[in-house]
Amino acid sequence: MNPQYPIHACRMPKRQYILAVFCYLLIPAVVIASGVLFRLIDPEMARGSADYVRNYRLLELARTGALMTMAGLALALWAFTCYLVLKSRQRSLGWLLLAVAGPFGFIVIAMLEDRAPASYDLYQQFIRKLKLYWRVPIESAAFVTVWSLAFELMVLKRDLMIRYESFTSGTPVATIIDWQNQSSGMWAFSEGNEVIYLVVLIYLLWPVFFNVVGPLLKRRTNATGQDSRHSSG
């Protein structure tokens, strides 16, 4: 056993990777906060003031400024997420240019091997052993699977929200669906963003999940093999 990596830390990812996940999880909180702030700063609050036109313009500027600030913060969190993933894998920061490509760029970043993997990192051990003729179809299958899973999760979330709204408001489910169909373009844009967000989140969490489940399966396989040898003996 390597003393640098004690047993109690065997499934913990690197600190930079944990921070990357944390930064990415902050993005929807920032987006939601920006929407709330945008609604709270109502230029019509200037109504009744001594200089309505000037105060209206100031409130409108404050509203736009708050929205742009929040958008900038979300973009900064996205860039920092990509940076931390690269940092955790000790890759060149030149790869950070792929952040401009959104989820597709991040998928490439997520596929990069760690140049200094921890001895307990089963995920890195697995992908480093793969030959190119195996890795290409595996990554292609993972790409399709991740997008399909993200879409199904979005559909599940949408159905649950519709049923929750129906339960709390007493409005029939069919009526809520009709309302959404009337503004289908807006809902399609929102749900598309949700799918994109989930795709990146799945790629971020997959190595962590692999390293958590891998040792459990390995121990179970070893235990099954020992039981088989004992029973045959």
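## The chain

Of the 233 residues in the chain, 28% are buried, where buried means under 20% relative accessible area, with a 1.4 Å probe and protein chains only. The model is predicted: local features need pLDDT of at least 70, side-chain atom pairs count only at pLDDT 80 or more, and totals for chains, interfaces and linings use all residues. Residues are numbered from 1 along each chain as its sequence is written, and side-chain values use heavy atoms, with hydrogens and water left out.

The chain holds seven helices and zero strands; helices (H or I, at least four residues) and strands (E, at least two) are DSSP runs, numbered from the N terminus. In order from the N terminus, the elements read α-α-α-α-α-α-α.

## The largest pocket

A pocket is an open set of points on a 1 Å grid over the protein atoms alone, with protein on both sides within 12 Å along at least five of seven lines, and lining residues have an atom within 4 Å of a point. Its volume is the space filled by probe spheres set on the points, which are joined across faces, edges and corners.

The lining of the largest pocket consists of 24 residues, and Ile27, Val31, Asn193, Glu194 and Tyr197 lie nearest the centre. Helix H1 (15–40), helix H2 (52–88) and H7 each give two or more residues to this lining. By class, the lining has 19 nonpolar, four polar and one charged residues. Here Ala, Val, Leu, Ile, Met, Phe, Trp, Tyr, Cys and Pro count as nonpolar, Asp, Glu, Lys and Arg as charged, and the others, Gly among them, as polar.

## The cavity

Across the whole structure, a search finds one cavity of 30 Å³ or more, a cavity being a set of points where a 1.4 Å probe fits but cannot get out. The largest cavity holds about 190 Å³ of space. It is lined by 16 residues, with Pro13, Lys14, Tyr17, Asp121 and Asn211 closest to its centre.

Helix H4 (122–129) and helix H7 (184–232) each supply at least two residues of the cavity lining, and H7 gives the most, with three residues. The lining of the largest cavity comprises eight nonpolar, three polar and five charged residues.

Key: Buried means under 20% relative accessible area, exposed over 50%, partly exposed in between (1.4 Å probe, protein chains only).
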